[in-house]
Amino acid sequence: MARWSALHPWRAIVGWLVFVALCLGGGIAVGLNSATSEDFRVGEAGRAEALAAEGGVQLRPTEQVLIRAASGPLDEAAADAAVKDVTARMKALPEVASVAEPVRSADGRVLRVQVELNGSEQEDQEHVPPLQAQTEKVAKAHPGLVIEETGDASVSKGVSDQRGEDLAFSEAITLPITLITLAVVFGSVVMVGVPVLLAITSIMATMGLTMVASHLLPDTGVGMSMILLIGMAVGVDYTLFYLKREREERARAGGRLTSEALVEAAAATAGRAIVVSGLAVIVSTTALFLARDVIFDSLATGTILVVAVAVVSSVTVLPALLVKLGRRTERRAAKRVAQGKSVRAYGENKPGGAYGEKGPGRVWHSLLTPARKHPALTLGVSVLVMLGLALPALEMNLKNPARDSFSREIPAMKGYDRLLAAFPELRVRHLVVVRAKASQSDEVRQALRELDREAKADPLFTARSTGERVSGSSGAQVLRSSEELGSGGSGTRVLRSSEEQRTGGTGLPVAHSSEEQRTCGSGTSAAHSSEEQGSGGSGTSAAHSSEEQGSGGSGTRVLRSSEEQRTGGTGLPVTHSSEEQRTCGSSTSAAHSSEEQGSGGSGAQVLRSSEEQGSGGSGTRVLRSSEEQRTGGTGLPVAHSSEEQRTRGTGTPVTHSSEKQTPTAPLLRSSEDRRTTTLELNSRHATYSKQAEASLDRLRHRHIPATIGKLSALPGVETAVTGEVARGVDYVEHQNGKLPLVLGFLLLMTFAMTVHAFRSLVLGLLGVGLNLLSAASALGLLVLVFQGRWAEDLLSFVSLDGISSRVPLFLFVILFGLSMDYQVFVVSRIREAALNGVPTRQAVLDGIASSAKVVTSAALVMVTVFASFVMLHILEMKQMGFVLAAAVLLDAFVIRVMILPAALLLLGRATWWPSGAVRRAQERSAPRREGPDGGRFRRARAGVPRGEF
């Protein structure tokens, strides 16, 4: 192939450009097929998501619009106007599924309006811009307030936008540094452009091929980043190797060979090494497919394609370009000769030069001195240093990066922090999904309520919200409670409750509810709680739970508690409900339930429900209903609906949402066929914290077995838990389970390819050991920097107290592949010299010295590319860039300069066991080494006999 390209340079160049255009054009034509939410499902969390999605009760993408004052207390009238504006604008958008009523924070300074989006998580980024535009318009229309939007979609879009900006920034850094490095190596502006040009065109072609391949293996968005990262690195590396050898051949020929012959000679050595190296990277990267993960599939696809394209460019268009440049050089040389001017050949008068054959320069001579003079000591000290660097890796804590790790330069993340500061209970959501027969739905819902009560008694969990739902009615005053409530207002007591409250009063009706309650009208009382609530005092009182509650009516005071309230006194009618209750009207109470309700008491309706409740007292009526109930006491109609509920005035019908529940009530959702039911539980802890993981573990292994586990005897009952924490924990467990398989495959393939390339079992074992050593040392440095907190300000990141679970596996795969570049290039030079009769010791020193500059130059280019990712905002990319840069540095400057030459010098001729080719070559050349010059070795022509590589 290289020979044909050298003989037909223009055809090769034009053919390459056509190939790039076809790849890019074909990719654009078919488009990019992105992964869907189904592709990301792993473990129990993935199973839970599948069950919930099948029943239509999955967690949906939501946005939160926050309304607060720039400073000081919130202006109620202005906030109410802003809420109405936001609600009206959002409901008018086709991307919006529903808009919830506003919820106030515990301190009363922040309101949030929850907006649920249509579509899947993968469509978030397309759906959220109209919402953000409307939020900006509302903010401009209400300049006295600070109005901002955050949520799943806006954060995802912010991360995506930031990734694009980061890649552009990375390119702006790596390109100039790469050009400077190449200029130092080649000393020619023209030659500098060749590696960069080939790398860029290879990346362009790969992007097109990746779009086509995405229809077989969906793209997750990280593939393009990896194409840029690996494409620039290996593209420049391979070109450097080829150019280095071509210039050596040109210097050796001294003008006696044509450009075509020189390129063909370079192809026989460096070209073969590039092909072997590229195949090693490709084979190593295929190990990522064994992880059975859509993200690793995307990374592997991009890496394999860009390496394959880079190899093709190195053996096709690169020889053609070198021939054209060589002919140009020859014409200039002929012109200078015709003018009587002298012409200096490459490498001439350059002792120790980069491309001559006079030996290594002073720097490399000094670096190789320890291995040359004291190989055993050098090997021992170097290995100990590397092992010391690897020690922190023993403390590595793998985690799946959560939203909390994203950069705070994303506006939506700043809003996210303010959202969690005001509503900390929204930090973690666990979704328990139960699938059973429709006839078992009542037992399932009862078990989930029991689970809810047990979880809320656990300090690792919390009620859904410390805020409350707000409704605006004239003359209504709202008091709020989260953990403890103070008191306010004349003649009125405010109740404090966390678990249980008991109050006393006279003549006040008390209502208990576990789902939703509303009160309206003058002189009407209602109490809201998830278990039991009570109120007492003179005048009219109403107690509301801590998420969504509204009150209306003149002179009505609303009290809110978070867990349970009880009331005691004399002659108090009590209303209990497990699903929904509403009271409306003058001096009358009404309660509604979706399970069963009863009523009792003199002169008032008393409705009780949990599963079954009786009734007592004179004139008491018992009402039971499973879906809808309508009650009439003193002529007051009560209505329930599935969309919105508002309360206005005395005797006004009240409409309540069937999906909106009070925060301390079990947040249950059931599918239309009643086969799938979900329960949402919350925790205040950070998603990556040990407490959040502990809450998941306790939920799965203690609370669920003690409640829903009792239903295991029933046929067809299936339970699973999902949520951000569950996804992360299950993903890490999945990766840990696949790591031995992937690592074993890598070790086996590295060993097999090294043995095949060099016909040596010793070199195969040595290559595997050195790769493990460099990877372990790089991981140790990664843990030292990123698992702690001392480097947070230096590198601009927030520590997760752990390492991204994808980084170690990715490091092993990429490093094993890339290190083969250096292994193949360096050892092939050593073996080449040995096959020409050079003693093993001299062959080791000459081979490493002759390849030292190009290896370190290639390493510097790689380190530049990888290190640029450390300056990006995404934590996982920072970690990947850092660990790859550290691994390449250690591999190039410690492994290849200290450990490898020391080990080979100690092994001597045993390096090539069991192959006898080197031994026979050295025996044949022994007479030539004993010449009239006192035995001084005469350098053989640097070439490899055909079939010996």
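**Ground rules.** I number residues from 1 along each chain as its sequence is written, and I use heavy atoms for side-chain values, leaving out hydrogens and water. Because the model is predicted, local features need pLDDT of at least 70 and side-chain atom pairs count only at pLDDT 80 or more, while totals for chains, interfaces and linings use all residues.

**Entry 1: α20 and α21.** I looked up helix α20 (residues 806-835) and helix α21 (residues 840-868), which pack at an angle of about 165 degrees with axes 8 Å apart. Helices here are DSSP runs of H or I with at least four residues, strands are runs of E with at least two, and both are numbered from the N terminus. Axes are lines fitted to C-alpha atoms, for helices over the stretch in contact, and angles run from 0 to 180 degrees between N-to-C directions. The angle makes α20 roughly antiparallel to α21; the cut-offs are under 35 degrees for roughly parallel, over 145 for roughly antiparallel, 65 to 115 for roughly perpendicular, and oblique for the rest. In α20, the residues that meet α21 include L818, Y822 and F825. Contact means heavy atoms within 4.5 Å. By class, I noted 16 nonpolar, three polar and two charged residues in the contact of α20 with α21. Nonpolar covers Ala, Val, Leu, Ile, Met, Phe, Trp, Tyr, Cys and Pro; charged covers Asp, Glu, Lys and Arg; the others, Gly among them, are polar.

**Entry 2: α17 and α20.** The axes of helix α17 (residues 724-758) and α20 come within 9 Å and cross at roughly 10 degrees. The two helices are therefore roughly parallel to each other. The contact includes Y731 and L739 of α17, and F812 and F816 of α20. It has 15 nonpolar, five polar and two charged residues.

**Entry 3: a sheet.** I found four strands forming an open sheet in the order β20-β21-β7-β22, with antiparallel pairing. Two strands pair if DSSP finds at least two bridges between them. The edge strands are β20 (667-670) and β22 (718-722), each pairing on one side only. β20 and β21 (residues 676-683) pair over four bridges. I also noted T677 in β21 as the bridge partner of S670. Helix α15 (residues 441-456) packs on this sheet and touches β7 (428-435), β20 and β21.

**Entry 4: Q134.** I located Q134 in helix α5 (residues 124-141). Is Q134 buried or exposed? Q134 is buried, with a relative accessible area of 15%; buried means under 20%, exposed over 50%, and partly exposed in between, with a 1.4 Å probe and protein chains only. Not counting residues up to four places away in sequence, Q134 touches R89, M90 and L93.
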